[in-house]
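Subject: Structure for your files

Hello,

Here is the structure you were expecting. My notes on what was found in it follow below.

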Amino acid sequence: MKKALLVGINYPGTSHALRGCVNDVRMMNDIITQHYGFTDVKNKRMLTDQSATTQNIMERSEWLVDGAQ
């Protein structure tokens, strides 16, 4: 089973603010859905800005490698 973890953080409201990271993740989500068969939402996770906490990234990383061979 294939899985995908997409993380995009723009760091809004900080002195390190970026533009486009969240947009890139959304576009990558569209690409893997349309061209690589990631049509089942249980096979992919997306974290952006506020949801991309250290804890959430670590948990999703564990999900990503769970069952890998």
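A residue counts as buried under 20% relative accessible area, as exposed over 50%, and as partly exposed in between. Tyr11 has a relative accessible area of 41%, so Tyr11 is partly exposed. Please keep in mind that this is a predicted model.

Backbone. Tyr11 sits in the loop between E1 and H1, and its phi is positive, about 50°, although Tyr11 is not a glycine. Asp49 is another non-glycine residue with a positive phi, here about 35°. Asp49 belongs to the loop that runs between strand E2 (44-48) and helix H2 (54-65). With a relative accessible area of 22%, Asp49 is partly exposed.

In soluble globular proteins, nonpolar side chains tend to be buried together. The largest nonpolar core here has five residues: Ala4, Leu6, Val25, Ile32 and Phe38. Strand E1 (4-8) and helix H1 (21-35) are the elements that give two or more residues to this core. Leaving aside residues up to four places away in sequence, Ala4 touches Ile32 and Phe38, and also Asn43, Lys44, Arg45, Trp63 and Leu64.

Surface of H1. Which residues form a nonpolar patch on the surface? They are Met28, Ile31 and Tyr36, and together they have about 290 Å² of accessible area. Met28 is part of helix H1, and its relative accessible area of 38% makes Met28 partly exposed. Met27 is in helix H1 too, and Met27 is partly exposed at a relative accessible area of 47%. Between the C-alpha atoms of Met27 and Thr48 there are 13 Å, while the two residues are 21 residues apart along the chain.

Salt bridges. How many salt bridges are there? The count comes to two.

- Asp40 and Lys42 form a salt bridge in which the closest N and O atoms are 3.9 Å apart. Lys42 is exposed, with a relative accessible area of 55%, whereas Asp40 is partly exposed at 32% relative accessibility.
- Glu59 and Arg60 form a salt bridge through their side chains, at 3.7 Å from N to O. Glu59 has 38% relative accessibility and so counts as partly exposed; Arg60 is partly exposed as well, with a relative accessible area of 23%.

Regards

Technical notes:
Residues numbered from 1 in each chain as written. Predicted model: local features only at pLDDT ≥ 70, side-chain atom pairs only at ≥ 80, totals over all residues. Heavy atoms only, no water. Core = buried A, V, L, I, M, F, W, Y, C linked by side-chain atoms within 4.5 Å. Buried < 20%, exposed > 50% of the residue type's maximum accessible area, 1.4 Å probe, protein only. Helix = DSSP H or I, 4+ residues; strand = E, 2+ residues; numbered from the N terminus. Contact = heavy atoms within 4.5 Å. Patch = residues over 30% accessible without salt bridge, like charges linked within 9 Å, V, L, I, M, F, W, Y side chains within 5 Å. Areas by Shrake-Rupley, 256 points an atom, 1.4 Å probe, with all protein chains shown as cover. Salt bridge = Lys/Arg side-chain N within 4 Å of Asp/Glu carboxyl O.
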